[in-house]
Amino acid sequence: MAVWSVAYTIIQWVKAVLFCAGSWLGIAGAVRQLQYGLLFATDTAEIERLQLKWIPGSLQEWLLKKAIQVFGERTWKYQDSLPPLPVPPLKNTLDKYLESVKPFTTAEEYKETEAIVREFEGGVGQLLHQQLLERAKVNRNWLEDWWLDVVYLRSRLPLPLNSNISGSIPTFEHIWPPQEGSIMDRLPLHLWQGLQMWKLLRKEQIPVDKAVRTGQPFCMDQFRKMVSTHRIPGVTMDKIVSHFRTEAEGAAPIHITVLCKGRVFKLEVIDPEGEPLTPPELKRQLDSVKEQCENAPEGPHISTMTAEDRTKWAKIREKMMAMDAVNAHNLAIIKQSMLVLAFDDAFPKNHGENLYETLAGSAHNRWFDHISTMVAFKSGLLCANYEHSSAEALVHGYTGYFISSQLQRNGPKWKGSVPDRLVLQPEELVFTIDDEIRDAVVQAEKTFLKQASDFEVICPSFIDYGKKFIRSFKLHPDSYMQTALQLAYFRLHGKPAPTYETATLRQYYHGRTETVRSCTTEVVNWCKAMLDNTVPIEEKKELMMAAFQKHIQLMEEARCMLGFDRHLFGLQVLAMGAGIPLPSIFSDPAYTKSGGGGNFVLSTSLGGYTPCPGAAAPMVHHGHGIFYNILPDRITYSVSAWKSCKETSAEEMSASIQQSLRDMRKLLMTS
């Protein structure tokens, strides 16, 4: 009774303290600040500012955990109350579409497109729109299944460089510089921090993401797919399976898959109490894998098949399962893994090399079907290859940012104790294969290398200024960067680029993304003025501000499902499903020229305001993939291109981006 009395008293005291510490936010807001501090603070001073200094350290830690347990919002608390995805008004969609094609059409072409759009609006478009409204009445997210199936799962293209993305972990910038022979000391601690994220997900203690200005909760469904999620190849269509469960839901997989020199191992990394094994224990397991593979024949490199055409891989996979029950068992173990860990002999030394090697360096030791393959390089750097169909880049980057922040704050060495207990040894997963499968592995590697050899990606940092400078002029950093990208391309090519930028729809149930077409008439007018020495400085500045405002407007509309690309996509899917002739709006040249149907020359995305850059291949052969992260004092960005295209160069585009950013600063400072 006395124990419960003391506990009750402490809980009441915690309530009072938290309320006083964050009265303007309320208790939940104060706890939310604590949670984010514990997740992403990069030094102990940030944590100390959130603590009550007169409380002893050990009691303080207990109180923080108790406060999160009692007052923290559970990760999926708001899922049932999120609003359904709305259907925009048809006229709104078509008017905005017409506006978006203007930079890419002549006056005569625009008149033809306008006539096609108005015919669609008054005819078959109206019928399809009514069907979409009916679908929305019985589906909380009318887009979800179509988007997953049509954009991802029905595609027969190989996953690497067509769908998958990568994310670089910036630990080499602050604690672990490139160093040969270092990976086996670094990897266990890195892995352990990643397992802490799994533990937080299991306990539902990841704070709910919310809109910055309104506090509206975001959908957290994609976070369920961060671990133990797998894309299974099918002969005509793939499918997604997820084996993650919260503690309240039951047991979840507690093993990872390790790829080393063509061999595959299962490692159990969670103890019977649900706690991750300590880094020294993980090191013993990983050392065992390396020792078994050292000076031994390489394995059959079965993982290479995941880089093949999806139908070919599906048929080989079905054959493997039919020829031996052990094969089926092994594939099930990999499918359920929390993550895949791959050892790689490449020696990247910076973000650009890290991203390239992870995306295009090797197919031998990636399981491209799995939600996350963590690649451990010989240089001591780490990077992740992500299967993209289940979650967006920002969600994937959450784990990388968490790991980087934890390591920066807590240091590169394990400071805890090691339990005196036996740890299960790694279990090798041995596959039975025949000559047909061996030949298929060889062919899969050729398929991969043909595309990989044509790919280039760089990831520099613009260090003249960053978010702090941009904000000092009360400008939005993302709109600023998008405008810089437009000028960079226009300067090189003398024409505008159809541009895709990701806008989140996570304020809606199971929301994913909408498109912001950031190449607008306003930004094209500004680009032309910037390259014309006769235009006065003040006019250039006014045009630039108009371009910023237009981008902000488009982003806000897209986030409220008042864009138009996803609506048009839904109407097109309905038309195709009905077996009617494809409406002319989708075959009109202006549709493709402005980026429709996946024809965006610049495929761009803000990776956030964190130091964890990502990369992806261009959407079209004559385009670029551009991810960027805007930090207080710099802007880090990746630029990809296909080397066989004579129109594009990652280096030239990067140089033009930096020149644009300098020109924009000069314009602001001299005005």
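A nonpolar core is a set of buried Ala, Val, Leu, Ile, Met, Phe, Trp, Tyr and Cys residues joined through side-chain atoms within 4.5 Å. Buried means under 20% relative accessible area, exposed means over 50%, and partly exposed lies in between, with a 1.4 Å probe and protein chains only.

Before you start clicking, note that this is a predicted model, where local features need pLDDT of at least 70, side-chain atom pairs count only at pLDDT 80 or more, and totals for chains, interfaces and linings use all residues. Residues are numbered from 1 along each chain as its sequence is written, and side-chain values use heavy atoms, leaving out hydrogens and water.

**Stop 1: the cores**

Select Leu187, Phe223, Ile256, Val258 and Leu341: these have the most contacts inside the largest nonpolar core, a set of 50 residues. Among the elements giving two or more residues to this core are α2 (26–40), α10 (279–293) and β6 (340–344). Helices (H or I, at least four residues) and strands (E, at least two) are DSSP runs, numbered from the N terminus. Which element gives the most to this core? Colour α9, which supplies 11 residues.

Now centre on Val258. Leaving aside residues up to four places away in sequence, Val258 touches Arg263, Val264, Phe265, Leu267, Leu286, Val289, Leu341 and Phe343; a contact means heavy atoms within 4.5 Å. Elsewhere, Tyr480, Leu487, Met544 and Leu606 are included in a second, separate core of 42 residues.

**Stop 2: the sheet**

Switch to cartoon view and follow an open sheet of 8 strands in the order β9-β5-β4-β6-β7-β8-β1-β15, with mixed pairing. Two strands pair if DSSP finds at least two bridges between them. The edges are β9 (427–428) and β15 (614–615), each pairing on one side only.

Helix α9 touches β4, β6, β7 and β8, and its direction makes about 155° with that of β7. Helix α10 touches β4, β5, β6 and β9, at about 160° to the direction of β5. For these angles, axes are lines fitted to C-alpha atoms, for helices over the stretch in contact, and values run from 0 to 180 degrees between N-to-C directions.

**Stop 3: His388**

UniProt lists His388 as "active site" in an unreviewed entry; its positions are given in the numbering used here, feature names are shortened, and annotations may be inferred rather than shown by experiment. Look for His388 in the loop between β8 (382–386) and α14. Is His388 buried or exposed? His388 is buried, because its relative accessible area is 15%. Its contacts, not counting residues up to four places away in sequence, are Tyr152, Ser163, Asn164, Ile165, Ala393 and Arg512. A polar atom of the His388 side chain also lies 3.1 Å from the backbone oxygen of Ala391.

**Stop 4: two positive phi values**

Most residues other than glycine have a negative phi. Select Leu161, in the loop between α8 (144–153) and β1 (165–168): its phi is positive, about 65°, although it is not a glycine. Then move to Met561, in the loop between α19 (537–559) and α20 (565–578), whose phi is near 60°. Leu161 counts as buried at 4% relative accessibility, and Met561 counts as buried at 1%.

Note on methods. A polar contact is a pair of N or O atoms within 3.5 Å; within protein, one must be able to donate a hydrogen and the other to accept it, and residues adjacent in sequence count only if both atoms are side-chain atoms.
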